[in-house]
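The entries below follow the order in which I made them.

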Amino acid sequence: MNLPNFKNLTYKNIKIVYERNQVWLYKDNNLLTYECLNRFNDLNTFQLHFDIANGHCITTGLGLLIIESNLLKCNKIKKLTVLEIDKNIIDIQKELNPDLMTQLNVIHCDANTYKDECDCLFLDHSLDQLAHSFHYDVIKEEKINLANQCYKNIKHKKFLWFRIIQDNSYEEYLLLRKKFDTLPLLTKEEYIKYETAKPFGRKQ
């Protein structure tokens with residue numbers, strides 16, 4: 001697992017907190033994303049991304065740059081585009097990870113309305129009003145609604161993946177695949193191998 005640079009940093013309404021091998025990203029004092037970096041030593045949370053990535057890939061939500069920093073190491077990828085709605089997150093990552101940012105095609109836009117074509121589509125963004133919510137069922141339902149918008153607007157020739165999927169049972173995954181037919185066809189054993197803990201957490 002290749003990790004980008006992290007440090008305690010505040011830029012306008014964006015704040016990154018990094019301590020004890022954990023990192024939090026806040027916007028307007030609401031938590032956008034959290035990662036416990038220790039778990040990457042034992043389990044590659046984003047392994048499926050790397051296994052299916054090919055050609056032109058689009059990811060949504062720049063966040064902490066963890067997915068992107070690893071996808072850049074994948075020689076099957078010809079171009080990596082990142083959609084990010086918040087200019088301040090783009091700017092803070094330019095300061096923290098300038099080398100990585102120059103390798104990415106970062107587009108300042110709303111991923112929910114953006115239209116394009118690619119080979120693989122990886123969704124990992126959310127609505128700002130969900131940033132303060134820790135009601136998992138609400139987040140899960142809204143993530144699926146957002147995925148449906150992007151699924152229709154961004155034509156992808158090969159695969160779709162979005163992180164909330166990994167908190168479903170295999171049976172639920174098969175039902176989701178009826179709605180999103182570009183999700184990879186996985187056996188139950190493959191799905192269990194890729195399954196990870198919920199990515200949401202709150203700083204204590």
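I set the accessibility classes before anything else: buried is under 20% relative accessible area, exposed is over 50%, and partly exposed is in between, with a 1.4 Å probe and protein chains only. I am working on a predicted model, where local features need pLDDT of at least 70, side-chain atom pairs count only at pLDDT 80 or more, and totals for chains, interfaces and linings use all residues. Residues are numbered from 1 along each chain as its sequence is written, and side-chain values use heavy atoms, with hydrogens and water left out.

Entry: salt bridges.
I took a salt bridge as a side-chain nitrogen of Lys or Arg within 4 Å of a carboxyl oxygen of Asp or Glu. My search of the whole structure returned four of them.

I use DSSP runs for elements, numbered from the N terminus: helices are H or I with at least four residues, strands are E with at least two. An α-helix has 3.6 residues a turn, so residues three or four places apart point the same way. Lys87 is partly exposed at 39% relative accessibility, whereas Asp91 is buried at 18%.

I then went to Lys188, which has a salt bridge to Glu171 with the closest N and O atoms 3.9 Å apart. This pair links distant parts of the chain, with Lys188 in helix H7 (residues 188-194) and Glu171 in helix H6, 17 residues apart. Lys188 is partly exposed at 39%, and Glu171 is partly exposed at 46%.

I also listed Arg20 with Glu19, whose side chains meet at 3.6 Å, N to O. Arg20 is exposed at 64%, and Glu19 is partly exposed at 26%.

Entry: helix H6.
Which residues of H6 (residues 170-179) are buried? I found Tyr170, Tyr173 and Leu176. They lie on the same side of H6, because they cover an arc of only 105 degrees around the axis; the arc is taken from the directions from the helix axis to the C-beta atoms. On the other side of H6, I found Leu175 and Lys178 exposed.

Entry: the sheet.
I traced an open sheet of five strands in the order S7-S6-S5-S8-S9, with parallel pairing; two strands pair if DSSP finds at least two bridges between them. Strand S7 (105-108) and strand S9 (154-162) are at the edges with a single partner strand each, so one side of each has no neighbour in the sheet. The twist from one strand to the next averages 25 degrees, with axes as lines fitted to C-alpha atoms and angles running from 0 to 180 degrees between N-to-C directions. I checked S5 (residues 55-60) against S6 (residues 77-84) and read six bridges in the parallel sense. Ile58 stands opposite Thr81 in S6.

Entry: Asn13.
I located Asn13 in the loop between strand S1 (9-11) and strand S2 (14-19). Asn13 is partly exposed at 22%. Beyond its neighbours within four places in sequence, I listed its contacts (heavy atoms within 4.5 Å): Tyr26, Lys27, Asp28, Asp86 and Asn88.
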